[in-house]
Amino acid sequence: MRQLTQEDAGRYAWRDVDEPRIAAPEQALVRPLMVACCDLDVAVCHGRLPMPPGYAVGHEGVGEVIAVGDAVEGVQVGDRVVVPFQISCGSCRECRRGVTGSCGSVPLMACYGMAPIAGLDGGGFMSDLVLVPYADAMLIPLPEFIDPVSLASLSDNIPDGWRTVGPFRTTLDELDPVDRRVLVVGRLSIGLYAAAFAAALGARVDYVDTDPQRLAAAEKLGATAHDLAKPDKTWDPYPVTVHTTGDSALLAATLRATWPDGVCTDTGIYPEYTVAMPLLPMYTRGVSFVTGRVSARTVIPQVLELLADGLDLSPAVDRVIPWEDAPAAWPTMTGKTVFTRA
């Protein structure tokens, strides 16, 4: 079969590899149909997060089940499914308590499409076939009402946007209406998804960015967009803030904009390893700071409930590209790109 492989920095190509095969009764094979780039993929393409070459790419997508092991009961051949990017067994202590991103049955960081940082490499979604080792635990049937192109990121970035605001829904609901405010400091898609979810939950959302296309998309998703390149504004503090840029200076600014006993969630990866934090002011004001990886498999059903109410995330998609054009298009990605095949 073919899989899209990073051959070198900025160079991608189809590579012929052996097809995966079902080797255990709880496994399934999925044929990817719609694959989206993750914000991390874009960062790699632009050198912000260098990775050694030679790995299969793609870890967000929707596919069709083409084979199942004898013990699989939750899906059947022909089902369209979401494949969470993290590999999880569904039965260990960590999975039972909802932290599927740290499944105890596989090495930490076991996932698809990121072999250089994965504890266990599941291969890439930009492939003819993907092996799912725990089909009943991982695979989620895709409801018919969902547009698979706009939801191709349901494996990772969409849940990542949800977890920045979804856990604080009750906190926002208990506030006076005038105080139900969320600040999102954005870059790429996770900030847009966070803004969309916050607006869908009834908050007034201020979205800050520098990219005109993302600013326009944020407005379509229900936020009020603010160009970070324009003169600074004076912000009233927010009970919930979201930082997605990976820029430590903007992180500090976001923390300053979080009100006393408020919460700031950061989704960034910081290759510099050490980032200065204003811990004394955070302590004094009682600001909670949340970081870490999303447990995508746990979050996806919560996202689907909101989508069933009519939330449209399509404005976050930057481009839709034919599957065969992936080697040329992958290194040029600047936003949420979805690759489709028949």
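Two strands are taken to pair if DSSP finds at least two bridges between them. On that basis, the predicted model contains an open sheet of six strands in the order 10-9-8-11-12-13, with parallel pairing. Strand 10 (224-227) and strand 13 (288-290) stand at the edges and have a single partner strand each, so one side of each is left without a neighbour in the sheet. On average, and with direction ignored, neighbouring strands here are turned by 20 degrees against each other.

Within this sheet, strand 11 (residues 238-243) and strand 12 (residues 258-266) are joined in the parallel sense over five bridges, and Y238 stands opposite T258 in strand 12. Helix 8 (residues 248-256) packs on the sheet, where it touches strand 8 (181-185), strand 11, strand 12 and strand 13. The direction of helix 8 makes about 145 degrees with that of strand 12.

Turning to the aromatic residues, the structure holds five aromatic pairs. One of them is the tilted pair of Y12 and W330, with 6.2 Å centre to centre and 50 degrees between the planes. Y12 lies in strand 2 (residues 11-16) and W330 in the loop between helix 11 (326-329) and strand 15 (337-340), so the pair ties together parts that are 318 residues apart in sequence. Y12 is buried, at a relative accessible area of 7%, and W330 is likewise buried, at 1%. Together with F339, Y12 and W330 form one aromatic cluster.

Charged side chains also meet aromatic rings. The charged end of R2 sits over the ring of W14, 4.3 Å from its centre, while that of R341 sits over the ring of W323, 4.1 Å from its centre.

How values were computed: Residues are numbered from 1 along each chain as its sequence is written. This is a predicted model: local features need pLDDT of at least 70, side-chain atom pairs count only at pLDDT 80 or more; totals for chains, interfaces and linings use all residues. Side-chain values use heavy atoms; hydrogens and water are left out. Helices (H or I, at least four residues) and strands (E, at least two) are DSSP runs, numbered from the N terminus. Axes are lines fitted to C-alpha atoms, for helices over the stretch in contact, and angles run from 0 to 180 degrees between N-to-C directions. Contact means heavy atoms within 4.5 Å. Rings of Phe, Tyr and Trp (its six-membered ring) pair if their centres lie within 6.5 Å; planes under 30 degrees apart count as stacked, over 60 as edge-to-face and the rest as tilted. Buried means under 20% relative accessible area, exposed over 50%, partly exposed in between (1.4 Å probe, protein chains only). A charge sits over a ring if NZ of Lys or CZ of Arg is within 6 Å of the ring centre and within 35 degrees of the ring normal.
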